[in-house]
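Good morning, and thank you for coming.

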Amino acid sequence: RPLLDPVPPLPALWASVGFSIFAFVAALYLVPALGPTFVKANLKGKDLLKVYSDPIPESQGLVCASIYILLLILFIPFPFSTSIASLSGGGSKIEGLLGAASLHHELSVYLSSLLSLLMATVLGFLDDVFDIRWRHKLPIPLIAAIPLLMVYYAEGGNTHVVVPIPLRPFLGLVVNLGPLYYLYMSLLSTFTTNSINILAGINGSEVSQALIIAISVIINDLLYMPWPFDFRIPMHLLGNQIEVEIGGAWQAGMAYGSSELVDRHLFSLYFMLPLVGVCLGFMYHNWYPARAFPGDTLCYATGMAFSVVGIQAHFSKTLLLFFIPQIFNFLLSCPQLFGIVPCPRHRVPRFVADTNLLHPSKAVFDKRPPTRLASLTLHIFATLGFTELTVDPTNEVVLEATNLTILNFFLLRLGPMNEKKLVQVLMCTQIAGSVLAFTIRYGLAGLVYDG
Ligand code: UD1
Ligand code: MG
């Protein structure tokens with residue numbers, strides 16, 4: 001079997017680029033055009049970090065998600081047109097049956113992805129309207145991921161992971177995680193949807209995270225495309241197949257350059273390119289000073305889009321590497337999310353109008369004194385420089401702690417700054433995280449995995 005068989009349907013890729021430009025223009029135009037309609041429907045919010053209190057249209061991520069999903073639906077005929085043409089064009093009966101089966105399979109991947117995206121959008125919108133308690137909304141992405149997992153299962157999806165070299169004496173070359181792998185994938189959707197939502201509250205934060213992650217995924221996908229020039233050589237040298245398929249259609253060494261791998265990353269491109277389009281268009285209006293808010297709808301829809309490509313194109317571990325700032329923010333937030341430390345409704349930084357600067361905001365132990373666990377956690381975090389404590393000088397009891405978010409952490413370490421600067425720091429961190437992700441995935445992985 002040649003390493004590089006059929007060239008993928010590149011016309012579909014160009015169509016996808018066209019759809020993305022359209023997505024950008026549509027978001028750019030529709031977001032402000034629909035703003036007053038949202039305000040009239042009471043979908044509005046106050047910008048917490050401004051002196052003015054004009055209502056800003058909220059949950060306009062609904063506009064973005066609608067454009068995105070509608071375009072993905074309109075796009076369906078493009079990648080499948082070549083398969084459909086080959087079906088109708090002669091060939092033996094067996095060939096016809098095989099073609100139909102593979103077409104059905106590819107369609108089920110695509111349609112289940114749309115279903116999960118729609119569920120995430122509905123959930124996000126319901127959250128905007130009803131402000132669902134996070135304990136209640138946590139399991140919903142788990143359910144939204146079931147269509148994805150069933151399709152993964154139906155194609156005999158791999159649940160093996162390659163063991164890093166140092167652990168091989170104990171675990172062997174590969175371990176089969178079986179059902180645990182499915183649990184991991186469903187938790188992935190919960191994580192990607194919620195982690196963007198809790199790294200929020202300053203203009204441009206949610207959409208810029210989504211944008212940078214989507215661009216990182218696109219760069220990663222492009223590495224797998226059959227380029228006309230010999231770009232494959234360095235990849236081949238570094239092509240450690242962490243997400244290797246065992247006993248499937250392709251083998252570790254053969255994996256790189258196989259048409260199946262190209263197809264998967266094409267699928268990911270079809271979902272990521274229009275996402276970049278809508279995000280860019282929306283970002284124009286959400287940039288400081290924001291004239292539109294994304295709401296939870298945008299966080300959930302984009303988060304689910306990432307889970308969809310990570311699971312369907314089989315690169316969920318690489319995907320998680322693009323979430324380094326979100327993982328840090330989540331771990332930092334855990335004491336507040338799990339009720340060990342009080343969690344105010346908003347953990348956004350504190351705005352000082354006179355200087356126009358943001359300062360770390362605080363969680364106050366006003367209801368009950370901190371438990372032993374809370375004090376211990378906070379003291380460890382304070383030693384690491386993640387939070388700053390106010391303690392009662394007489395009895396050493398913690399009275400206040402700065403809120404445990406990455407935004408407050410930046411303000412603590414870098415000093416007070418204005419909102420625009422803070423979102424730029426966040427974006428630089430996200431980009432640095434992606435650079436680190438690529439280094440780990442294609443560089444350092446060679447130290448613990450053999451190529
Ligand atoms: C999450 C965070 C919360 C944070 C909020 C801000 C956790 C557990 N929850 O809650 O701490 O305060 O996001 O989005 O970490 N807003 C602005 N400027 C912006 C964006 C939003 O002031 O650029 C304000 C507006 O008042 C807007 C509100 O945040 O109406 C939206 O908050 P919402 O998305 O409902 O909060 P959560 O996602 O529940
Ligand atoms: Mg939110």
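Let me begin with a term. A residue is called buried when its relative accessible area is under 20%, exposed when it is over 50%, and partly exposed in between, with a 1.4 Å probe and protein chains only. What you see is a predicted model, in which local features need pLDDT of at least 70 and side-chain atom pairs count only at pLDDT 80 or more, while totals for chains, interfaces and linings use all residues. Residues are numbered from 1 along each chain as its sequence is written, chains are lettered from A and ligands numbered from 1 in the order in which they are written, and side-chain values use heavy atoms, with hydrogens and water left out.

Helices are DSSP runs of H or I with at least four residues, strands are runs of E with at least two, and both are numbered from the N terminus. Asn 197 and Asp 296 are both buried.

Next come the aromatic rings. Rings of Phe, Tyr and Trp (its six-membered ring) pair if their centres lie within 6.5 Å; planes under 30 degrees apart count as stacked, over 60 as edge-to-face, and the rest as tilted. The structure contains 22 aromatic pairs. In one of them, the ring centres of Tyr 152 and Tyr 182 are 6.0 Å apart and the planes stand at 80 degrees, so this pair is edge-to-face. Because Tyr 152 lies in helix 7 (residues 146-154) and Tyr 182 in helix 9, the pair ties together parts 30 residues apart in sequence. Tyr 152 is buried, at 3% relative accessible area, and Tyr 182 counts as buried at 17%.

Phe 191 and Phe 330 are also edge-to-face, since their ring centres are 6.0 Å apart and their planes at 85 degrees. Phe 191 is in helix 9 and Phe 330 in helix 16 (residues 324-337), so parts 139 residues apart in sequence are tied together.

Helix 18 (residues 406-414) is mostly covered, with seven of its nine residues buried, including Phe 409 and Phe 410. Gly 415 follows helix 18 and has a positive phi, near 90 degrees.

I finish with the strands. Two strands pair if DSSP finds at least two bridges between them. An open sheet is formed by three strands in the order 7-9-8, with antiparallel pairing. Strand 7 (362-364) and strand 8 (389-391) are at the edges with a single partner strand each, so one side of each has no neighbour in the sheet. Strand 8 is joined to strand 9 (residues 398-402) by three bridges, and Leu 389 stands opposite Ala 401 in strand 9.
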